[in-house]
Structure formats: structure tokens, C-alpha cells
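Hello,

Here is the structure I promised to pass on to you. Have a look at it first, and then read on for what turned up in it.

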Amino acid sequence: MRRRGAWAAMAAGMALLAAGCGRGGGATGAALFATHCAGCHPDGGNTVNPKKTLRPADRQANGIRTADDVAAFIRNPGQGMPAFPPGVIPPGDARRIGAYVIAAFR
Ligand code: HEC
């Protein structure tokens, strides 16, 4: 039984990896968001500055409408948010995170 559990966990891990690879080699936007962003933006909120959530009403008021806008914002964010340079989040990953943010939080 213990062995079966380990195999199931491994199979699930491989499926996740395969899903990431299918989208161009990197992790998915959702996985990248969980790694880099969800600490301060759980469920698209904002634990540091509650007025600046990732939901359209807030971010659009600050001119953030597209995946590219999100990708640009993380390079040079506002107060309280660390910048994510390309060495930390390469451009392709930044766009995937952006697309995830636009699609996931409404
Ligand atoms: C340490 C906490 C922290 C982390 C980690 C963080 N953010 Fe932020 N984020 C903030 C804060 C604080 C603001 C408000 C900044 C401001 O005043 O412009 C913000 C603002 C934003 C906004 C603009 C929201 C609005 O309503 O104008 C976006 C988009 C955003 N973050 C995306 C991300 C993404 C994508 C990541 C991961 C790559 C990330 N953030 C990681 C704290 C964080």
C-alpha cells in the first residue's frame, strides 16, 4: 500500500511536469503564480495593500489590462512589491503569469 501511494504521487508529479512542458518548456502560469506571487496575492487579493488586488476593478484603475501589462508591471512594481527581473522570471514566464492573472481573477 505504501508503495502504491508513492507511485501515485510520482505519476501525479509527472503529469504536472508534462502539462508544463506542453506549453513551451516552462511551468504553467498557475504554477509560476503560486511560486512567486500567491504569498502576497492569495486568490488574486493583496495582503500588503488591500486596495490593489489583481481583480479588474482595481488593476484597471491603474492601467493594467492585458497579460503584457502584468508582465511589464512585475519588472517595475509599486511600493511594497519586489521587482522580478528577467533573471528571476524570464519573459516567457512573465507572459504566462500575466495571462493567468487576467484569466483567473475576475
Ligand atoms: C511581497 C509581496 C508581493 C509579492 C511577492 C507580489 N506582489 Fe504584486 N503587489 C504587491 C503590492 C504591495 C502591490 C501594490 C503596489 C502599488 O502600490 O503599486 C502589488 C501590486 C500588484 C499589481 C497591481 C494591482 C493593482 O490593483 O494595481 C499586480 C498586477 C501585481 N501586483 C502582480 C504581481 C505578480 C504577477 C506577482 C508575482 C510575479 C506579484 N505581484 C508578487 C505585493 C506583492
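Let me start with the ligand. Helix H3 (56–61), H4 and H5 each supply at least two residues of the shell around it. In total, 27 residues surround the ligand, and the closest are Cys 37, Cys 40, Gly 78, Gly 80 and Met 81. Sorted by class, this shell holds 14 nonpolar, 10 polar and three charged residues. Please keep in mind throughout that this is a predicted model.

Now for the overall picture. The protein has five helices and zero strands, so its pattern along the sequence reads α-α-α-α-α. Of its 106 residues, 19% count as buried. Among the contacts between residues at least 6 apart in sequence, 58% join residues at least 24 apart.

H5 covers residues 91–104, which makes 14 residues, and it reaches 20 Å from its first C-alpha to its last, close to the 20 Å expected at 1.5 Å a residue. Which residues of H5 are buried? They are Asp 93, Ala 94, Arg 96, Ile 97, Gly 98, Tyr 100, Val 101 and Ile 102. Helix H2 (29–36) and helix H4 (67–73) are included in what covers them.

On the H2 side, the contact is made by Gly 29, Ala 30, Leu 32 and Phe 33, while H5 brings Asp 93, Arg 96, Ile 97, Ala 99, Tyr 100 and Val 101. By class, the residues of this contact divide into seven nonpolar, one polar and two charged.

Leaving aside residues up to four places away in sequence, Gly 29 touches Arg 96, Ile 97, Ala 99 and Tyr 100. How far apart are Gly 29 and Arg 96 in space, C-alpha to C-alpha? The distance is 4.6 Å, although they are 67 residues apart in sequence.

Arg 96 itself sits in helix H5. Arg 96 is buried too, with 25 other C-beta atoms within 10 Å.

Finally, please take a look at the loop between H2 and H3, where Asp 43 is found. Asp 43 has a positive phi of about 55 degrees although it is not a glycine. Is Asp 43 buried or exposed? Asp 43 is exposed, because it has 10 other C-beta atoms within 10 Å and 12 or fewer count as exposed. Gly 45 is also placed in the loop between H2 and H3. With 16 C-beta neighbours inside 10 Å, Gly 45 counts as partly exposed. The C-alpha atoms of Gly 45 and Arg 55 are separated by 7.5 Å, and the two residues are 10 residues apart along the chain.

Terms used
Residues numbered from 1 in each chain as written. Predicted model: local features only at pLDDT ≥ 70, side-chain atom pairs only at ≥ 80, totals over all residues. Helix = DSSP H or I, 4+ residues; strand = E, 2+ residues; numbered from the N terminus. Buried ≥ 20, exposed ≤ 12 C-beta atoms within 10 Å, placed from the backbone. Contact = placed C-beta atoms within 7 Å. Expected span 1.5 Å × (residues − 1). Near = placed C-beta within 6 Å. Nonpolar A, V, L, I, M, F, W, Y, C, P; charged D, E, K, R; others polar.
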